[in-house]
Amino acid sequence: MTEHASDKAGQWMRGGGPDQDVVLSSRVRLARNLAGYPFVGRADTNQRRDLLERCRMSIARADITPGLHWVDLNDASSLDRKLLVERHLISRQHSKATSPRAVAISEDESIAVMINEEDHVRLQVLRTGMQLQDAYDQADVVDDVLERQLDFAFSSQLGYLTACPTNVGTGIRVSVMLHLPGLKLTGEIDKVRRAAKDMHLAVRGFYGEGTEAVGDLFQISNQTTLGKSEGQILFDFQDVVIPQIVEYERKARRALADHRATVLDDKVFRAWGTLSTARLLGSEEALYLLSYLRLGLCLDRIDSVSMQNVNELMLLIQSAHLQKIAARPLGGPERREFRARFVRERLGA
Amino acid sequence: MKCDSCDKPATVHLIEIKGGQKIEKHLCESCAVDEGVAVKASTPHISDLLEKFMIKHGALEPTQQTVRCEGCGMTQEEFRKSGLLGCPHCYDAFEEALAPLLGRAHEGASQHVGKVPSRAGIDEIRQRRLMQLRRELAEAVDAEQYERAANLRDQLSRVEAEDD
Ligand SMILES: [Zn+2]
Ligand SMILES: [Zn+2]
């Protein structure tokens, strides 16, 4: 499956996109359901199998570029499923379920279509940096192609009908992964959280729903899906809200560099010191240290490592990735040792 | 006074006029219920009280047990518990309960604005028919009624094949 690529990050995670100093990645997700079927939660095993087969055939017939690989999650090992979660290609919920379900993934991992998650079809497009419009345009094209094959449940009043009423309408979820160490260090992060809440946006950690923000990585997404067009939702998000947060973060970073340079350098070089010498490294600690290293790179305080290297490490230090790289299962203590060695090697230390 | 039918004290006193004759009846509560002349005493049950209490305090809205989606068979109660709907038709079936929820979730909106599928999908009636047939089929398979299941499969493919 994605075996050949487990020691590399998908294109969307390697960095290099617009506003990459603050915006790691952009994602657009569309929720769709087939008309004439119950939603997944109410469908029995036979119906789910039927749905799965229908979607598999439609995706196979559809002319989607780049082409999609079908991964039947009932056949995938738990390690492979965990890898897909760590790469943001499937949800935790989808990984853990046991009923007939799948995901179709493009070679470059920019497109992933989950089948039989909460909705019959959940299509996502990932991009590096701030490229929401681009991500939406591709999602829209794939949606059009699928729609030629499948009848999606739609009502003129409520739009695309979804299992959860909070997704009804456009069924769209746009989100960005933000690196906000500046706002964290200057204590302004709660202001951003509150402002986001007032604007009906959800703020989550790196690992998605219900997780704390580890390593100063925050995922921000829209919540309103009814009564606003996709274009309006995108505009509000990428042209109004996110640029403001990005500016706040840059201002906070500049303030740190101008007024608290020693404190800043202390954080950055301690992070470098620990990462390049540690013999045991937990994933949370590693992510937290990589976050400071990234901050130091963005502010030109350090040049002993590349941005792409740090971005990739943020992904690869997760446990399923490490076990793929090691090509064997690793228990907790062994994993921490392996992680420390892997990071040292990658940093050339 | 004792009950006419048993030895318990009579608490229900009735005067019936039958064929111009006055008949007096003195019954205990349970015999009155048995004879169909009284309804069970209305000492409120604790769960009813709790429910009323919760309704008052907004924790639970009055439920209509009978609201059920024709498409998938889900009851409003089931929807309340899971927060997830059973099928597209649930949006019609639970329209009333959904309206305030949709308003809260979507900044007061109640009308879709945005993308519309470029080709008209299968019509409402056929969608509902397909849903019902699939539900009956699942039930038939569950009950190991294979003949009925085969029959339903035929019907299903006929409806699916109807040109749209
Ligand atoms: Zn009696
Ligand atoms: Zn329903």
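Trainee: Quick one to start: are Phe79(B) and Phe94(B) buried or exposed?

Mentor: Both Phe79(B) and Phe94(B) are buried. Keep in mind that this is a predicted model.

Trainee: Okay. How many aromatic pairs are there over all chains?

Mentor: A search of the whole structure turns up three. One of them is Tyr288(A) with Tyr292(A), an edge-to-face pair with 5.4 Å centre to centre and 70 degrees between the planes.

Trainee: Where do Tyr288(A) and Tyr292(A) lie?

Mentor: Both are in helix α10 of chain A, residues 283–298. They're four residues apart, about one turn of the helix. Tyr288(A) has 43% relative accessibility, so we call it partly exposed. Tyr292(A) has 9%, so that one counts as buried.

Trainee: And why is the pair of Phe79(B) and Phe94(B) called stacked?

Mentor: Because their planes are at 5 degrees, and planes under 30 degrees apart count as stacked. The ring centres are 5.8 Å apart. Phe79(B) lies in helix α3 of chain B and Phe94(B) in the loop between α4 and α5, so the pair ties together parts 15 residues apart in sequence.

Trainee: New topic: which residues coordinate the zinc ion (ligand 2)?

Mentor: Cys69(B), Cys72(B), Cys87(B) and Cys90(B), each through its SG atom, at 2.3 to 2.4 Å. Their spacing in sequence is C-x2-C-x14-C-x2-C.

Trainee: What's the arrangement around that zinc ion (ligand 2)?

Mentor: It's tetrahedral, because the four donor atoms subtend angles of 99 to 124 degrees. Cys69(B) is at 2% relative accessibility, so it counts as buried. Cys72(B) is buried too, with a relative accessible area of 7%.

Trainee: Switching to chain A: how many residues of strand β5 are buried?

Mentor: Eight of its eight, residues 121–128. Both faces are covered, with Val121(A), Leu123(A), Val125(A) and Arg127(A) on one side, and Arg122(A), Gln124(A), Leu126(A) and Thr128(A) on the other. In a regular strand, side chains alternate between the two faces of the sheet.

Trainee: What does β5(A) pair with?

Mentor: Strand β1 of chain A pairs with β5(A) in the antiparallel sense over eight bridges, and Arg29(A) has Gln124(A) as its bridge partner. Strand β4 of chain A also runs antiparallel to β5(A), joined by five bridges, with Val113(A) opposite Leu123(A). In the hairpin of β4(A) and β5(A), there are five residues between the strands, and Asn116(A) takes a positive phi near 60 degrees.

Trainee: Last one: what sits over the ring of Tyr37(A)?

Mentor: The charged end of Arg134(B), 3.6 Å from the ring's centre. Likewise, the charged end of Arg32(A) sits over the ring of Tyr160(A), 3.5 Å from its centre.

Technical notes. Residues are numbered from 1 along each chain as its sequence is written. Chains are lettered from A and ligands numbered from 1 in the order in which they are written. This is a predicted model: local features need pLDDT of at least 70, side-chain atom pairs count only at pLDDT 80 or more; totals for chains, interfaces and linings use all residues. Side-chain values use heavy atoms; hydrogens and water are left out. Buried means under 20% relative accessible area, exposed over 50%, partly exposed in between (1.4 Å probe, protein chains only). Helices (H or I, at least four residues) and strands (E, at least two) are DSSP runs, numbered from the N terminus. Two strands pair if DSSP finds at least two bridges between them. Donors are N, O and S atoms within 2.8 Å of the metal (3.2 Å for Na, K and Ca); water is not among the atoms, so sites may look incomplete. Four donors count as tetrahedral if all angles lie between 85 and 135 degrees; four count as square planar and six as octahedral if opposite donors are over 155 degrees apart and all others between 65 and 115; anything else is irregular. Rings of Phe, Tyr and Trp (its six-membered ring) pair if their centres lie within 6.5 Å; planes under 30 degrees apart count as stacked, over 60 as edge-to-face and the rest as tilted. A charge sits over a ring if NZ of Lys or CZ of Arg is within 6 Å of the ring centre and within 35 degrees of the ring normal.
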